[in-house]
Amino acid sequence: RISNDVIETAKADKEIQAGNQKRVMDLVESKILPYVDFQRMTSLAAGRYWREATPEQQKQLSNEFRTLLIFTYSGALSQIKNETVQFKPLRADPADQEVEVRSVVNVTRGEPVTLNYRLVKSAQGWKIIDINVLGAWLVETYKGTFATLVSKGGIDGLIKELAERNKKLANKPLKPAK
C-alpha cells in the first residue's frame, strides 16, 4: 500500500517530476520514514561497532545514516515516471516477528527491478529494517563500508564521513525524471 501510494504521488506531482528536492524530501519524510526503523537498520549496518559506540555516537550515526538514506530514496523517487509495483505472494506465519516482502518494480524500458523489504514487528507495527534492490541488501552493502571507515577513524570517523557525504548530497540537485 505504501509503495503504491508513494509511486502514485510521485507520478502525479509535477514538482517531483521536475526534480524539486524539497518536494521529494517531503514525500520521503511523510510517506516512507514513519515505516522505517532507522536505529535498528543502523545497528545492523554498524555490526559489532554499534555496541562499542556511546549512546551519543549511536544517535549521531543513526541520524547521519537516516539522512543518507533519505537522499538515496529521494534520488530514486525523482526518477519515477510510469513504474508500477507488483508484489509476490507473502510466505509467512501470523506469529512471525520478521518477514520478507518481495516485489518487482515494472519499468517502462528494460527488465523489472527486484525490490524486497525485510520487516520486523514492533510495538508501533511493522517497520522496514532492510531493503534489497537488484539482489543487494542495503544493510550488507553498508556493513562493509562502515567497517572500513571505523577501522580508519573509529566511530567518530564514520560519523564524520557520513556527514560529509550528506553535505555533498544536499548541494547536489536531483535530476528530473525523463
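**Where H6 meets H7**

Author: H6 passes H7 in a left-handed crossing. Please keep in mind that the model is predicted. Helix H6 covers residues 55-77 and helix H7 covers residues 138-170; their axes lie 9 Å apart and pack at an angle of about 70°. That angle makes H6 roughly perpendicular to H7, because angles of 65 to 115 degrees count that way. Sorted by class, the contact of H6 with H7 has 15 nonpolar, five polar and three charged residues.

Now for the rings. A pair of aromatic rings is described by the distance of the centres and the angle of the planes. Searching the whole structure turns up three aromatic pairs. One of them joins Phe 65 and Tyr 142: the centres are 5.1 Å apart, the planes stand at 75°, and the pair is edge-to-face. Since Phe 65 lies in helix H6 and Tyr 142 in helix H7, this pair ties together parts that are 77 residues apart in sequence. Phe 65 has a relative accessible area of 0%, so this residue is buried. Tyr 142 is buried too, at 13%, because the cut-off for that word is under 20%.

Phe 65 has another partner. Its ring and that of Phe 146 have centres 5.2 Å apart and planes at 70°, so this pair is also edge-to-face. Phe 146 belongs to helix H7 and Phe 65 to helix H6, so here the linked parts are 81 residues apart in sequence. With a relative accessibility of 0%, Phe 146 counts as buried. Taken together, Phe 65, Tyr 142 and Phe 146 form one aromatic cluster.

Let us stay with H7 but turn to charged side chains. Glu 164 forms a salt bridge with Lys 160, and the closest N and O atoms are 3.5 Å apart. Both residues lie in helix H7, four residues apart, which is about one turn of the helix. Glu 164 is partly exposed, with a relative accessible area of 34%, whereas Lys 160 is exposed at 53%.

That bridge belongs to a set of ten salt bridges in the structure. Another of them links Asp 26 and Lys 22, whose side chains meet at 3.1 Å, N to O. These two residues also sit four residues apart, about one helical turn, this time in helix H3 (residues 21-32). Asp 26 counts as partly exposed at 35% relative accessibility, while Lys 22 counts as exposed at 56%.

A further example involves Lys 11 and Glu 8, with the closest N and O atoms 3.4 Å apart. Because they are three residues apart in helix H1 (residues 2-12), about one helical turn separates Lys 11 from Glu 8. Glu 8 has 45% relative accessibility and counts as partly exposed.

Finally, a step along the chain from H6. Lys 81 is found in the loop between H6 and strand E1 (84-87). At 32% relative accessibility, Lys 81 counts as partly exposed. The C-alpha atoms of Lys 81 and Lys 172 are separated by 21 Å, and these residues are 91 apart along the chain.

To return to your close look: H6 and H7 pack at about 70°, and Phe 65, Tyr 142 and Phe 146 form one aromatic cluster, with Phe 65 in H6 and Phe 146 in H7.

Notes: Residues numbered from 1 in each chain as written. Predicted model: local features only at pLDDT ≥ 70, side-chain atom pairs only at ≥ 80, totals over all residues. Heavy atoms only, no water. Axes fitted to C-alpha atoms, helices over the stretch in contact; angles between N-to-C directions. Parallel < 35°, antiparallel > 145°, perpendicular 65-115°, else oblique. Left-handed = near helix turned anticlockwise from the far one by under 90°. Nonpolar A, V, L, I, M, F, W, Y, C, P; charged D, E, K, R; others polar. Salt bridge = Lys/Arg side-chain N within 4 Å of Asp/Glu carboxyl O. Buried < 20%, exposed > 50% of the residue type's maximum accessible area, 1.4 Å probe, protein only. Phe/Tyr/Trp six-rings, centres within 6.5 Å; stacked < 30°, edge-to-face > 60°.
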